[in-house]
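Subject: Handover of a structure and findings

Dear colleague,

Please find below the structure that I am handing over to you. My findings follow directly after it.

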Amino acid sequence: EDLLTGTVTPLTDGASYSFTMDATTEIVGERFILHATTPMPFTVTDALCAGSASGMVALEVPEGPLDITLADAFGNAVQTANDVQAGTFTFDGVAGGNYIILVDGNTACGQITADITILEPFVLEAAVEGLMASCPNTADGVLNVEMLGGEAPYTFNWSNGSSEAAIMDLPGNYDLLVTDANGCTLALEGMEILSGDGPIAGFE
């Protein structure tokens with residue numbers, strides 16, 4: 001800020017300010033003041049599940065009012081808040097991805113920006129391997145599930161009451177609900193244990 005002329009120049013990239021000074025003018029006190037903006041700390045909470053809008057960005061606003069925008073990596077506004085006052089402000093319900101925080105208003109440096117990333121787990125998936133039962137009425141058929149993605153440990157809720165990753169049971173169709181450590185779920189329906197023919201008796 002030029003105290004003589006009252007001109008304020010935001011210190012953005014490429015900004016410049018020209019002034020003149022009379023060599024015969026008596027110097028009394030400072031002519032220029034550099035206003036600095038108080039840092040604005042923020043914390044990021046990652047999304048719990050792949051594809052879910054469960055992430056969060058919390059900002060510590062030193063003084064207001066401020067206009068704060070959460071934009072995607074292309075600059076498109078995702079969430080906007082106006083006249084935000086001092087204190088903790090939160091953008092919640094944010095999906096995983098890259099974002100830009102833009103702050104306008106009561107700052108000495110013009111618009112303030114910050115790049116952030118909200119992470120998310122890999123998609124919860126399952127690889128299923130089956131082994132047919134030896135006979136139509138024999139409970140030795142197998143369904144084995146190997147989990148991919150999400151966050152371990154996983155809990156298993158089979159339609160036959162089992163809570164293990166693999167079941168051994170009669171031929172038929174079985175359903176499974178898998179829940180990971182973050183509460184994300186995957187439903188697998190109609191997985192089939194096939195039946196073998198078993199021994200065939202004959203008479204002569």
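Thr-69 has a relative accessible area of 18%, and because buried means under 20%, Thr-69 counts as buried. Please bear in mind that this is a predicted model, and that the values in this message are computed from it. Thr-69 is found in strand S3, which covers residues 66-72. Leaving aside residues up to four places away in sequence, Thr-69 touches Ala-77, Gln-79, Thr-80, Phe-91, Ile-100, Ile-101 and Leu-102.

One of these contacts, Phe-91, also takes part in an aromatic pair. The count of such pairs comes to one. Its members are Phe-89 and Phe-91, with 4.9 Å from centre to centre and 90° between the planes, an edge-to-face arrangement. In general, a pair of aromatic rings is described by the distance of the centres and the angle of the planes. Both Phe-89 and Phe-91 are buried.

Asp-83 lies in strand S4, residues 77-84. With a relative accessibility of 54%, Asp-83 counts as exposed, because the cut-off for that term is over 50%. The backbone of Asp-83 also deserves mention: its phi is near 55°, a positive value in a residue other than glycine.

The chain as a whole

The protein chain has 13 strands and zero helices. From the N terminus on, the elements are therefore written as β-β-β-β-β-β-β-β-β-β-β-β-β, where strands are numbered from the N terminus. Of its 204 residues, 26% count as buried. The protein chain exposes about 12,900 Å², and carbon and sulfur atoms supply 53% of that area. Among contacts in the protein chain with a separation of 6 or more, 52% are between residues 24 or more positions apart.

The disulfide

How many disulfides does the count come to? The count comes to one. Cys-49 and Cys-184 form this disulfide, and their sulfur atoms are 1.8 Å apart. The torsion about the S-S bond of Cys-49 and Cys-184 is about -95°, so the disulfide is left-handed. The pair links distant parts of the chain, 135 residues apart. Cys-49 is in the loop between strand S1 (42-45) and strand S2 (55-61), whereas Cys-184 is in the loop between strand S12 (172-179) and strand S13 (185-193). Both Cys-49 and Cys-184 are buried.

Strand pairing

In general, strands of a sheet pair through backbone hydrogen bonds, either parallel or antiparallel.

The loop that holds Cys-184 belongs to a hairpin formed by S12 and S13, with five residues between the two strands. In the turn, Gly-183 has a positive phi of about 90°. S12 and S13 run antiparallel and are joined by seven bridges.

An open sheet of three strands has the order S8-S9-S11, with antiparallel pairing. Strand S8 (125-131) and strand S11 (166-169) stand at the edges with a single partner strand each, so one side of each is left without a neighbour in the sheet. From one strand to the next, the twist averages 15°. Seven bridges join S8 to S9, and these two strands run antiparallel. Ala-127 has Glu-146 in S9 as its bridge partner.

Cis peptide bonds

Which residues are joined by a cis peptide bond with omega about 5°? These are Ala-152 and Pro-153. Pro-153 lies in the loop between strand S9 (141-148) and strand S10 (155-158). The peptide bond from Gly-64 to Pro-65 is also cis, with omega near 0°. Pro-65 has its place in the loop between S2 and S3.

With kind regards

How values were computed
Residues are numbered from 1 along each chain as its sequence is written. This is a predicted model: local features need pLDDT of at least 70, side-chain atom pairs count only at pLDDT 80 or more; totals for chains, interfaces and linings use all residues. Side-chain values use heavy atoms; hydrogens and water are left out. A disulfide is a pair of cysteine sulfur atoms within 2.5 Å. Helices (H or I, at least four residues) and strands (E, at least two) are DSSP runs, numbered from the N terminus. Buried means under 20% relative accessible area, exposed over 50%, partly exposed in between (1.4 Å probe, protein chains only). Rings of Phe, Tyr and Trp (its six-membered ring) pair if their centres lie within 6.5 Å; planes under 30 degrees apart count as stacked, over 60 as edge-to-face and the rest as tilted. Contact means heavy atoms within 4.5 Å. Two strands pair if DSSP finds at least two bridges between them. Axes are lines fitted to C-alpha atoms, for helices over the stretch in contact, and angles run from 0 to 180 degrees between N-to-C directions. Accessible areas come from the Shrake-Rupley method with a 1.4 Å probe; for residues, only the protein chains shown count as cover.
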